[in-house]
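Hi everyone, thanks for coming. Have the picture ready, and let's walk through it together.

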Amino acid sequence: MAENDPVVTADEGQRGVSRRNFIKGVIAAGAAVSTTSYLFRGGSILGQPSLPGAVERLVTLNVNGQQRRVDVMKQETLAMTLRYKLGLTGTKLGCDRSECGACTVLIDDVPHYSCSILTHSVRGRKVVTIEGLASPTGQLHPVQQAVVDAQGFQCAFCMPGFVMATVGYLKTNPNPTRPELAHGISGNLCRCQDYNKILDAMMLAAEYTRRSSRA
Amino acid sequence: MAVIRDVMPAFELFQPANVEEALSLLNRYKSDAWVMAGGLDSFDWLKDRIKRPKVVVDLVGVKELEGVRASGDGLEIGAMTTLTDLVRHPLVREKFGMLLEAAEAAASPQIRNQGTIGGNVSQDTRCWYYRDGWECYRAGGNICYADTPTAMNREHAIFDADRCVAVNPSDTAPALIALDAKMVIRSTSGEQIVDAEHYFIGPGIDITRMTVLKPGDLLVAIRIPGTWAGSQFYFEKVRDRKVWDFPLVNVASVMKTSGGTIQDLRLALNGVAAHPVRLRAVEAAVRGKPRNEQTAEMAGLMAIEGAKPLRHNGYKLPLVRNLVKRAIRGVEGSWTS
C-alpha cells in the first residue's frame, strides 16, 4: 500500500545522496509512517457523527500540479506541511509570524505567507511552491532565469519567497515600473539588504516573463 | 519573549460552509470559540500561546461573505472580502477612493491578499505588554504595564485612556467612520446594524474587547451609504516603515465644499485611543467656515484639546495637529478625488 502513496514517491526523481536529499528522504519516510498509522485506526473515527464544518485529518492537496495525500493536524500551517510532510524544503521559514515573506507560496496564483494559513484552508485550491516553477524538463521559469542571469541574491535564504511573490505580482501587473514592482513585492525582507540588486533582477524577470508569454 | 517556531497547540477546527453553520457553531461554543477570518491577527495569539481557544471557527469557506456589491448608491462589502479585492474593486475606486487608500496602506501585499476588511476592523490591539501575555487590565489583571514610569509607550494612547492605554491599530476603521459606514452583525438571535463609530469601544465600556462583538456575534457585512460618494477625501497614515507597520497616527476625512466654504464634513483619527476617534467638536467648529489655512490651524489645535500624552508619545500631539490641519486644508496633489 505504501508504495502507491505519493508522499513516499515524492523525491524518487532525485537520486543524489546530498545532505539535503537525505534529510528530505527522512521527512518523507516519517510522513509515510504517520499516514499509515492513521489509516490503520481510521475506521473507528470515521463512523462518528460530526458537526457542520468539522475537518478530516487525511486530506488531498493540489501542490505543484500533483495530488498529494497527507495527514494534517488541525492547527498545522501550510509551511509546516510543505516542509516537514511533503519534503518541499524550498519554502523557507523565517519569522513564522507574517513578517518576513520567506515562506511565500502561490495559492490560486496569489502570493500568501504559508506560515500564516492553515493547511486545511487550502483544500481544493492550487498551491505552487518554488519547486513547481520550472518545467518538467528542467527549464527554469523566466523569473528564476532572471535571478540566475542577474545574480540577484547574496545569501538567497529569502530568494524562494521573493521569486514566488514576484511571479504572483507579475500575473496582476506584467509591465510594472520599478516603484510599482517595489511596492508589489514589498512583503518580503532581505537581511543582506540587497534590495536594489533584487529589484534589478526582478525587473529583468518581468521582461523575461513578458517575452515568454509572447513566444 | 522568545519567538516559538514549532506547531501551535491543538484546537478543534471548524470550517463552516455558510453563515448559518458558522452562527450555530458560535452559539454552541460561545466564549470557547475563536472566530478566524484571514488569521493574520489570530495566528500571533495562537502561536505565542497567549490565547488558547478550545475551538477555532475558520470562516475561509463562507463564500457568501466575500465580495463587494452595489447597494443603492452605496456599497455593501462582505466581511470576508480581502483588502486586495477591496482595493481592486472598480466601485470602490470610483466612489470611495479613500477606502482604497486606507486598505492599501495596511500591512504588506501578502497580508492584504489574505487579510479581510472584517478582520481589519475587528483586530485586537498591538500593545506589546498585552500581546506578550502580561496580565494587564485588558488581559483580566489589575495593572497597565504600558503606563508605569519605566514603560515603553511610544505607540500608545493620548486620548480616552481608562486604566488601559492601548490603541486601535486599524487603517480602514477611521475611513469607514468618516464615510458613515454601518456594520451588519448577526447572531443566532438575529441581525443588528451598528454605526461604524459605535462598533469600536474603549476600556470604559469593556476593557477586554475592542468592538461591540460579543461571543456568538459575527460581523457579516459593512454598508457604506452613498452620502459621501465622490466627495473630497483625505487619508494619511504615519508609520515607521512603509510596509507592515501599524499607524502611529492616521487620519481620514470626507468633505463637501461650496464656493470655498466647508458645507459638511466628517473627520476621524486612529492610533490615538483604544478606539478610533471621531472629532465631532472639530467638525462642528469648521462647518460653514471658509476652507483656508486659518480654519485648518484652528481645527488642528482643537483636535489635541484634552490630549494626555504618556512619557514617550508626546510627539503624537504635533502629529495629530498637523494631520488634522492637512485633512481640513488639503495638500496639493494628494486628493484621492
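Helices (H or I, at least four residues) and strands (E, at least two) are DSSP runs, numbered from the N terminus. This is a predicted model, where local features need pLDDT of at least 70 and side-chain atom pairs count only at pLDDT 80 or more, while totals for chains, interfaces and linings use all residues. Residues are numbered from 1 along each chain as its sequence is written, and chains are lettered from A in the order in which they are written.

Okay, chain B. Helix 12 (residues 293-303) of chain B packs with helix 13 (residues 316-329) of chain B at about 145°, and their axes are 8 Å apart. By class, that contact has seven nonpolar, three polar and five charged residues. Here Ala, Val, Leu, Ile, Met, Phe, Trp, Tyr, Cys and Pro count as nonpolar, Asp, Glu, Lys and Arg as charged, and the others, Gly among them, as polar.

Now, where do the chains meet? Contact means that C-beta atoms, placed from the backbone, lie within 7 Å. Chain A brings 29 residues and chain B brings 30 residues. On chain A's side, strand 4 (residues 110-113) of chain A gives the largest share, four residues. That side of chain A splits into 12 nonpolar, 12 polar and five charged residues.

Last, chain A itself: six helices and five strands, in the order α-β-β-α-β-β-β-α-α-α-α.

Terms used: Two residues are in contact if their C-beta atoms, placed from the backbone, lie within 7 Å. Axes are lines fitted to C-alpha atoms, for helices over the stretch in contact, and angles run from 0 to 180 degrees between N-to-C directions.
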